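Subject: Structure for you to look at

Hi,

Here is the structure I promised to pass on. Have it open while you read, and turn it around as you go.

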Amino acid sequence: MTGFGRRPVRRGRDIPVLLGDFGHDLPIRAAAPAARPEPDPFSRLVSRRGPAAPGRAAALAPLSVWRMTSEQTPVVWPLIAASGLPPTGAQIGIDLLSGGAFYCDPIGWVTDDDIPVTNPNVVVFGKPGRGKSATVKAFALRMLAYGYRALILGDTKDEYEPLCRALGVEPFVVGHGLPARVNPLAFGPLGHNWASLAAAEARRREAIMFARWIVLIRGLVGSQHVPFGPVEETAVGEALRILTGYRSGATRLTEVTIPQLWAALDEPTGQLVAICRYADRRHFLDATRTLRDALGSLVKGSLAGLFDDHTTIDVDWRAPIQSLSLSRLEPLGDQAVGIALTCLNSWGQAMREIADPGDLRIVIRDETWRQMRLGAEAMKSLDANLRLSRRDADVQILLAHKPSDMLTAGDATSQAVAIARDLLHLCDCKVLHGQDQAVADELGTLLGLAPLAQQVVTGWANAGKGRALWLVGDRAFQVQTVLTEPELRLTYTNDALKG
């Protein structure tokens with residue numbers, strides 16, 4: 001009897017042996033060749049002076065070392081894109097130079113010391129159909145989420161009506177036979193609670209209001225090619241002070257209209273004649289004849305009844321967007337539309353003279369070249385708005401077809417052209433959509449674009465809608481605007497062409 005040990009293992013036949021008993025053989029797989037070892041590229045060490053060889057002396061490689069700043073580096077490596085802007089504000093599209101998203105935040109750029117921008121003004125150029133208005137509308141719509149409100153001072157083609165109605169706001173329409181009236185001499189917020197103001201505050205507000213009115217009247221008179229010098233300014237200023245009651249020390253000022261101002265100058269009182277230091281009434285009438293004729297043509301001309309009465313529209317400044325349409329004035333010609341834009345400019349400025357802290361506004365000004373063609377005096381109010389954009393927390397956006405549109409205000413050496421050139425420098429952000437090759441010289445002369453940047457505007461940007469070269473200070477970005485499906489419907493402007 002065996003013990004309780006492990007049972008011996010019986011080994012059977014292998015598979016090849018078993019198949020061989022039945023006359024079958026398994027194929028024999030050839031053995032894989034042994035892998036050759038990779039040759040060692042560094043089989044021997046070589047000194048930094050190079051390998052020694054007959055007939056040559058080992059020496060150090062002729063390398064040079066350069067030290068430069070970050071501003072000089074792009075000259076040496078021009079194809080390396082600079083870092084993008086901070087991801088704040090409205091996301092516009094794609095920066096094709098860096099491949100990242102492009103954001104637009106003009107006021108944020110001003111407050112960021114790392115970005116070479118000193119004002120939040122934006123000027124947009126582009127030939128019709130290149131997407132400049134769609135880009136502006138998308139920017140205004142997307143900035144609503146950041147607490148901004150949009151104000152369109154003069155929608156000459158009713159392009160912003162769909163956007164207003166989509167936001168639940170009905171745009172105001174100014175035109176003959178329509179009830180909307182706008183008084184460019186309105187007090188605005190500065191006239192509120194006048195009786196309770198301290199003397200110093202009353203004088204401060206008085207200076208602001210009368211200065212704005214003088215700029216407006218100067219522009220309206222200048223649009224008739226009538227000079228507006230110290231004599232005219234004194235007469236208008238004193239007439240306004242008498243009509244408002246400020247000269248007599250009234251505790252409640254009276255709002256004045258342009259017809260009332262014209263009547264006060266055309267039928268002057270003895271008080272006005274004496275204050276203006278004229279010998280008699282005839283002397284006053286002779287000295288102010290051209291001034292009175294210019295104002296009279298505005299009161300009785302093509303714009304009669306539109307800007308010569310008290311304001312009849314009640315603007316909700318808390319609404320996300322407000323628009324004043326001027327499309328009904330198109331048949332009256334460019335001069336009439338330009339005068340209307342000047343009046344709206346003064347009225348809009350009055351509404352913004354006392355704004356609550358944090359009341360951020362995007363002011364869109366389309367067809368600004370029409371206002372510029374009225375002459376230097378009409379351009380000074382626009383110039384003042386651009387200079388005060390930092391104080392008012394406004395993003396002023398000017399739209400035009402090409403840079404030379406701003407130079408049609410007068411002769412090449414005139415003051416109007418000089419002011420127009422300054423306007424370009426008051427916009428630190430320039431958006432250049434597609435242009436024809438003939439505009440390349442303008443881009444170089446007026447905007448200082450290098451030949452490579454000119455080719456981007458006249459070539460790449462011309463090959464598709466929404467493409468633009470963005471100049472933020474001295475930094476350039478090649479941006480493709482991206483619109484969502486709802487934005488495409490709201491920004492479509494070819495309804496008239498396609499019926």
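Below is what I found, starting with the whole chain and ending with a few single residues.

First, some ground rules. This is a predicted model, where local features need pLDDT of at least 70 and side-chain atom pairs count only at pLDDT 80 or more, while totals for chains, interfaces and linings use all residues. Residues are numbered from 1 along each chain as its sequence is written, and side-chain values use heavy atoms, with hydrogens and water left out.

**The whole protein**

The protein has 20 helices and 11 strands. Both kinds are DSSP runs numbered from the N terminus: helices (H or I) have at least four residues and strands (E) at least two. Of the 499 residues, 48% count as buried. Buried means under 20% relative accessible area, exposed means over 50%, and partly exposed is in between (1.4 Å probe, protein chains only). Take the contacts between residues at least 6 apart in sequence: 73% of them join residues at least 24 apart. Contact here means heavy atoms within 4.5 Å.

**The sheet**

In what order do the 11 strands of the open sheet run? The order is E2-E1-E11-E10-E9-E3-E8-E7-E4-E6-E5, with mixed pairing. Two strands count as paired if DSSP finds at least two bridges between them. At the edges are E2 (101–104) and E5 (172–173), each of which pairs on one side only.

E1 (residues 90–95) pairs with E2 in the antiparallel sense over four bridges, and Gln 91 stands opposite Tyr 103 in E2. The hairpin of E1 and E2 has five residues between the strands, and Gly 99 takes a positive phi near 85° there.

Now go over to E6 (321–325). E4 (149–155) runs parallel to E6, and five bridges join the two. In that pairing, Asp 155 has Ser 325 as its bridge partner. E5 also pairs with E6 in the parallel sense, over two bridges, and Phe 172 stands opposite Leu 324.

Is E6 enclosed or open? Five of the five residues of E6 are buried, so the strand is largely enclosed by the rest of the structure. In a regular strand the side chains alternate between the two faces of the sheet. You can see that here: Ile 321, Ser 323 and Ser 325 point one way from E6, and Gln 322 and Leu 324 point the other way. Helix H12 (residues 334–351) lies across E4, E6 and E7 (361–365), and runs at about 155° to E4.

**Two helices that cross**

Two packed helices are described by the angle between their axes and the distance between the axes. The axes of H6 (residues 199–222) and H11 (residues 289–300) come within 9 Å and cross at roughly 85°. Axes are lines fitted to C-alpha atoms, for helices over the stretch in contact, and angles run from 0 to 180 degrees between N-to-C directions. H6 and H11 are therefore roughly perpendicular; angles of 65 to 115 degrees get that name, under 35 is roughly parallel, over 145 is roughly antiparallel, and the rest are oblique.

On the H6 side, Ile 217, Leu 220 and Val 221 meet Leu 291, Ala 294, Leu 295 and Leu 298 of H11. By class, this contact has seven nonpolar, no polar and no charged residues. Ala, Val, Leu, Ile, Met, Phe, Trp, Tyr, Cys and Pro count as nonpolar, Asp, Glu, Lys and Arg as charged, and the others, Gly among them, as polar.

Val 221 counts as buried because its relative accessibility is 0%. Leaving aside neighbours within four places in sequence, the contacts of Val 221 include Val 226, Pro 227 and Phe 228.

**A covered helix and some loops**

How many of the 12 residues of H4 are buried? The count is 11, so to speak mostly covered. Helix H4 (residues 132–143) reaches 17 Å from its first C-alpha to its last, close to the 16 Å expected at 1.5 Å a residue; the expected span is 1.5 Å times one less than the number of residues.

Gln 435 sits in the loop between E9 (429–433) and H17 (440–447), and is buried at 3% relative accessible area. His 225, in the loop between H6 and H7 (230–244), has a positive phi near 60° without being a glycine. At 70% relative accessibility, His 225 counts as exposed.
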